[in-house]
Amino acid sequence: MKLMKTFAYFWSTSDAMCMLQTFLVVVYGVYLASKEIITLGTLFIFISYIGMLLWPIRQLGRILSDMGKSFVAIGRINEILQQPLEDLDSGVKPNIEGNISFNNLSFAYKDGKDVLKDVTFSIKREKLLQ
């Protein structure tokens with residue numbers, strides 16, 4: 001949550017500064033165009049240049065923030081991958097010689113939600129060997 005709040009403050013401030021800069025360029029450019037110091041075409045070119053300069057810098061900020069989040073995610077994934085593997089071959093292996101039957105099987109979590117209720121089924125021995 002702290003990271004999201006920080007990003008919210010950063011991006012809202014960044015957007016406000018970009019929009020304020022564009023607004024000031026437009027207002028001052030209109031003033032200069034009304035005094036015939038610059039032409040209307042020059043004003044439009046300058047406004048488009050401001051956009052061409054501001055948006056890539058803002059995108060670079062977004063890329064850097066995404067890279068920071070990805071480094072955190074990579075660290076978490078690496079932590080999981082560095083855990084020792086379970087030994088699946090050791091342990092008790094039951095010798096199954098007959099059919100497996102479940103009669104009136106029920107299961108619920110601690111909050112009381114039933115997952116299984118009165119389930120009955122059987123598995124024949126020849127299906128176990130396949």
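The following legends describe close-up views of a predicted model.

**View 1. Overall arrangement of the protein.** The protein contains three helices and two strands, with helices (H or I, at least four residues) and strands (E, at least two) taken as DSSP runs and numbered from the N terminus. Their order along the sequence is α-α-β-β-α. The radius of gyration is 33 Å, well over the 14 Å that the globule rule gives for 130 residues, so the protein is more spread out than a compact globule; this radius is taken over C-alpha atoms, and the rule is 2.2 Å times the number of residues to the power 0.38. Along the principal axes, the C-alpha trace spans about 100 × 35 × 30 Å. Of the 130 residues, 11% count as buried, where buried means under 20% relative accessible area, exposed over 50%, and partly exposed in between (1.4 Å probe, protein chains only).

**View 2. Helix H2 and its buried residues.** Helix H2 (residues 40–81) has 42 residues and reaches 61 Å from its first C-alpha to its last, close to the 62 Å expected; the expected span is 1.5 Å times one less than the number of residues. Leu43, Ile50, Leu54, Arg58, Gly61 and Ser65 of H2 are buried. The buried residues of H2 pack against helix H1 (2–34), contact meaning heavy atoms within 4.5 Å.

**View 3. The salt bridge between Lys69 and Asp66.** A search of the whole structure finds one salt bridge, defined as a side-chain nitrogen of Lys or Arg within 4 Å of a carboxyl oxygen of Asp or Glu. Lys69 and Asp66 form this pair, and their closest N and O atoms are 3.6 Å apart. Both residues lie in helix H2, three residues apart, about one turn of the helix. Lys69 is partly exposed at 36% relative accessibility, and Asp66 is partly exposed at 42%.

**View 4. A nonpolar surface patch.** Phe102, Leu105, Phe107, Tyr109, Val115, Leu116, Phe121 and Ile123 make a nonpolar surface patch of about 670 Å². Strand E1 (100–108) and strand E2 (114–123) are the elements that give two or more residues to the patch; E2 gives the most, with four. Phe102, found in strand E1, is partly exposed, with a relative accessible area of 34%. Patch residues have over 30% relative accessible area and no salt bridge; like charges are joined within 9 Å, and nonpolar side chains (Val, Leu, Ile, Met, Phe, Trp, Tyr) within 5 Å. Areas come from the Shrake-Rupley method with a 1.4 Å probe; for residues, only the protein chains shown count as cover.

**Notes to all views.** Residues are numbered from 1 along each chain as its sequence is written, and side-chain values use heavy atoms, leaving out hydrogens and water. In this predicted model, local features need pLDDT of at least 70 and side-chain atom pairs count only at pLDDT 80 or more, whereas totals for chains, interfaces and linings use all residues.
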